Amino acid sequence: MLAVRVERLSFYVESVQAVPGGWRLEGEPGFHPRNWARPGDRFERACRESGGQEREVDLVVVELEGSFAIVAGIGGDQLGREDVVTGERLAQDVGHLGQGPLSQSDPNEDLARILGLPSLVGGASAGGAEWSLVEAALGVTLPADYKRFVDAYGAGLIDGHVTVCAPDAPREWADLLQHNTWAQECVRLDFAGPDSNCEDWQLGDPSHWEPDRADVPPWFESGDDLISWGHTGNGDLLFWHVKPGTCQDQ
C-alpha cells in the first residue's frame with residue numbers, strides 16, 4: 001500500500017548572485033541530505049533566520065548541492081544573507097506510513113513518521129557525534145533516544161519554528177554546546193536577577209539565587225541543572241530538567 005507523507009525543504013542563504021535565468025544561492029540546505037530539495041521542487045516562502053519578515057516567493061530548484069542552490073522564478077532578488085527559503089513536497093512510501101496506532105516499541109520511529117522523515121530502520125546515518133566528549137562538556141549523560149535521533153538526522157528546524165540542536169552543527173544557533181552556553185547565561189540572569197553579572201556558576205547553587213527565588217521554578221531544587229536541547233522562533237528555550245544522577249524532560 002502506498003502512503004503519502006510531506007517532506008519539508010529548506011535552504012539557509014549566505015549570499016545571492018544573479019546568474020542567467022535565475023540566482024545562485026550560496027549557503028547550505030537544511031534537514032538530512034535525503035530530504036534536500038531536488039530539481040523541480042519549489043521554495044514557496046522566505047524569512048529571516050531569526051524569525052519574522054516572512055514573504056512569499058516562487059523559486060523552482062534547478063540544482064542543489066551541499067553548499068549552493070540554483071533557483072529560477074519569482075523572489076530571488078528579495079533574498080539576502082541570513083534568509084531561509086522553505087517549501088514542501090509529497091513523497092510516497094510503500095507500507096502504512098502515517099496510518100494506524102503509534103508503535104509501543106520505538107518512539108523514535110513514531111517521531112520520524114510524524115515529522116515525515118525517512119525511517120531510522122536501514123536508513124543512512126547523518127554521522128554519529130562524539131557523545132562522550134559532548135557529555136563531558138555538559139556534565140550529564142544525555143537521553144539515549146535523543147542521541148539516536150540526532151545521529152540519524154542531525155540538527156534541524158521543525159515547521160520553521162522548533163530548532164533541535166545537535167553537536168557540531170554548522171551554525172551556532174543549532175550547535176548543542178554553543179547554544180547551551182548562551183541558554184545557561186540567560187537562565188543565570190533570571191535566577192540571580194537582572195542586576196547580577198553573568199559569571200559562570202552552577203544553576204543548582206542556591207547561594208546565587210534571588211532571596212525570594214522569584215524566577216526560580218518551584219520544581220527546580222538545589223543541585224538540579226538545565227540542559228537546553230533546542231529553542232523556538234519565539235525565543236523560547238527548550239530544556240531537559242536534570243536531577244542529580246538523571247536526565248529527564250521538563
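# Reading burial, cores and pairs

Student: Why is Phe191 called buried?
Tutor: The relative accessible area of Phe191 is 3%. Buried means under 20%, exposed means over 50%, and partly exposed lies in between (1.4 Å probe, protein chains only). At 3%, Phe191 therefore counts as buried. This is a predicted model, in which local features need pLDDT of at least 70 and side-chain atom pairs count only at pLDDT 80 or more, while totals for chains, interfaces and linings use all residues. Residues are numbered from 1 along each chain as its sequence is written, and side-chain values use heavy atoms, with hydrogens and water left out.

Student: How many aromatic pairs does a search of the whole structure find?
Tutor: The search finds eight. One of them is formed by Phe191 and Phe220.

Student: What makes the pair of Phe191 and Phe220 edge-to-face or stacked?
Tutor: Rings of Phe, Tyr and Trp (its six-membered ring) pair if their centres lie within 6.5 Å; planes under 30 degrees apart are stacked, over 60 edge-to-face, and the rest tilted. For Phe191 and Phe220 the centres are 5.2 Å apart and the planes are at 70°, so the pair is edge-to-face. Phe191 sits in helix H4 and Phe220 in the loop between H4 and S9, 29 residues apart. Helices (H or I, at least four residues) and strands (E, at least two) are DSSP runs, numbered from the N terminus.

Student: Which class does the pair of Trp209 and Phe220 fall into?
Tutor: That pair is tilted, with 6.0 Å centre to centre and 55° between the planes. Trp209 and Phe220 both lie in the loop between H4 and S9, eleven residues apart. Both are buried, and Phe220 has a relative accessible area of 0%. Ring pairs link Phe191, Trp209, Trp219 and Phe220 into a cluster.

Student: What makes a set of residues a nonpolar core?
Tutor: The members are buried Ala, Val, Leu, Ile, Met, Phe, Trp, Tyr and Cys residues, joined through side-chain atoms within 4.5 Å. The largest core here has 16 residues, and Phe11, Leu25, Phe43, Leu59, Leu64 and Val71 touch the most other members. Strands S1 (2-19), S2 (22-29), S3 (42-48), S4 (55-64) and S5 (68-74) each supply at least two residues. S4 gives the largest share, four residues. A second, separate core of 14 residues includes Leu138, Leu142, Tyr146 and Leu176. In soluble globular proteins, nonpolar side chains tend to be buried together.

Student: How do you know that helix H3 is mostly covered?
Tutor: H3 spans residues 144-153, and seven of its ten residues are buried. Among them are Tyr146, Phe149 and Tyr153. Elements that cover these buried residues include helix H1 (107-115), helix H2 (131-138) and strand S10 (237-242). Just after H3, Gly154 takes a positive phi of about 75°.

Student: What makes Asp83 and Arg48 a salt bridge?
Tutor: A salt bridge needs a side-chain nitrogen of Lys or Arg within 4 Å of a carboxyl oxygen of Asp or Glu. The closest N and O atoms of Asp83 and Arg48 are 3.5 Å apart, so the pair qualifies. Asp83 is in strand S6 (residues 83-94) and Arg48 in strand S3, 35 residues apart. At 1% Asp83 is buried, whereas Arg48, at 24%, is partly exposed.

Student: Why does the salt bridge between Arg188 and Asp200 tie parts of the chain together?
Tutor: Arg188 and Asp200 approach to 3.5 Å between the closest N and O atoms. Arg188 lies in helix H4 and Asp200 in the loop between H4 and S9, so parts that are twelve residues apart in sequence are tied together. Arg188 is buried at 6%; Asp200 is exposed at 68%.

Student: How do you know that Asp225 has no salt bridge?
Tutor: The nearest side chain of opposite charge (Lys and Arg count as positive, Asp and Glu as negative; His and the chain ends are not counted) is Arg188, 7.5 Å away. That distance is beyond the salt-bridge limit, so there is none. Asp225 is buried and lies in strand S9 (residues 225-232).

Definitions and conventions: Contact means heavy atoms within 4.5 Å.
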